[in-house]
Amino acid sequence: MKLTPNEERHIRKVLKDYIQDEKVQEMKHYIQHGSVTTFDHCKSVTRVCFWLNKHLHLGANTKNLLLGAFLHDFYLYDWHNSSEKWHRFHGFRHPEFARKNAEAHFHIDENVQKIIRSHMWPLTITKVPTSREALIVCLADKYVSSIETIGKRRGRRTNVAK
């Protein structure tokens, strides 16, 4: 899923203020899967979402799709190394932490909040994706996470959708 330079520019233009934000930059300090940071994971999911929407003509709202994809893991903690017991339930709980952080920090609208809230479905069984954008992010996240996890098991750095 290779993006053209124009497609990359479009993504950067839409997300410029978010990418440069100090809080978003903190995601570079947290590992998501293997050796992939949460920041890089979110960038990969964003690229896959954009590609799927454009090349499969899915008709999703591009701005909401990119914003939901980029902020879907904006939870800002290291779930691997914490002694806190609730971190064991990270998969179930982090979408709500990410949604709350994104809403508080960026005042995202309800459509983007729903994308973030439902990205872990079906694990979060009651948080079913209810929009085209939410379903695309949910599927792209599963795809990217699988590749990152397989790369972890094989002992190499994995970066999807370059």
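Modeller: The chain has seven helices and two strands, where helices (H or I, at least four residues) and strands (E, at least two) are DSSP runs numbered from the N terminus. From the N terminus on, these elements run α-α-β-β-α-α-α-α-α. This is a predicted model, in which local features need pLDDT of at least 70 and side-chain atom pairs count only at pLDDT 80 or more, while totals for chains, interfaces and linings use all residues. Residues are numbered from 1 along each chain as its sequence is written, and side-chain values use heavy atoms, with hydrogens and water left out.

Biologist: How should I read the core, and which residues of the largest nonpolar core touch the most other members?

Modeller: In soluble globular proteins, nonpolar side chains tend to be buried together. A nonpolar core here is a set of buried Ala, Val, Leu, Ile, Met, Phe, Trp, Tyr and Cys residues joined through side-chain atoms within 4.5 Å, and buried means under 20% relative accessible area, with exposed over 50% and partly exposed in between (1.4 Å probe, protein chains only). The largest core has 24 residues, of which Val24, Phe70, Leu71, Phe74 and Ile108 touch the most other members. The elements that give two or more residues to this core are helix H1 (5–19), helix H3 (38–55), H4, H5 and helix H6 (110–117), and the largest share, four residues, comes from H4. Another core lies apart from this one, with 13 residues, among them Ala60, Ala69, Val137 and Val144.

Biologist: What is Leu71 in contact with, leaving aside its neighbours within four places in sequence?

Modeller: Contact means heavy atoms within 4.5 Å. With those neighbours set aside, Leu71 is in contact with Tyr18, Val24, Ala98, Ala102, Phe106, Ile108 and Ile116.

Biologist: How many aromatic pairs does a search of the whole structure find, and how is such a pair described?

Modeller: A pair of aromatic rings is described by the distance of the centres and the angle of the planes. Rings of Phe, Tyr and Trp (its six-membered ring) pair if their centres lie within 6.5 Å, and planes under 30 degrees apart count as stacked, over 60 as edge-to-face and the rest as tilted. The search finds three aromatic pairs. One of them is the tilted pair of Phe74 and Phe106, at 5.7 Å centre to centre with 40° between the planes. Phe74 lies in the loop between helix H4 (62–71) and helix H5 (90–106), and Phe106 lies in helix H5, so the pair ties together parts that are 32 residues apart in sequence. Both Phe74 and Phe106 are buried, and ring pairs link Tyr18, Phe74 and Phe106 into a cluster.

Biologist: Where do His57 and His107 lie, and are they buried or exposed?

Modeller: His57 lies in the loop between H3 and H4, and it counts as exposed at 69% relative accessibility. His107 lies in the loop between H5 and H6 and counts as exposed at 62% relative accessibility. His57 has a positive phi of about 55° although it is not a glycine, and His107 likewise has a positive phi of about 55° without being a glycine.
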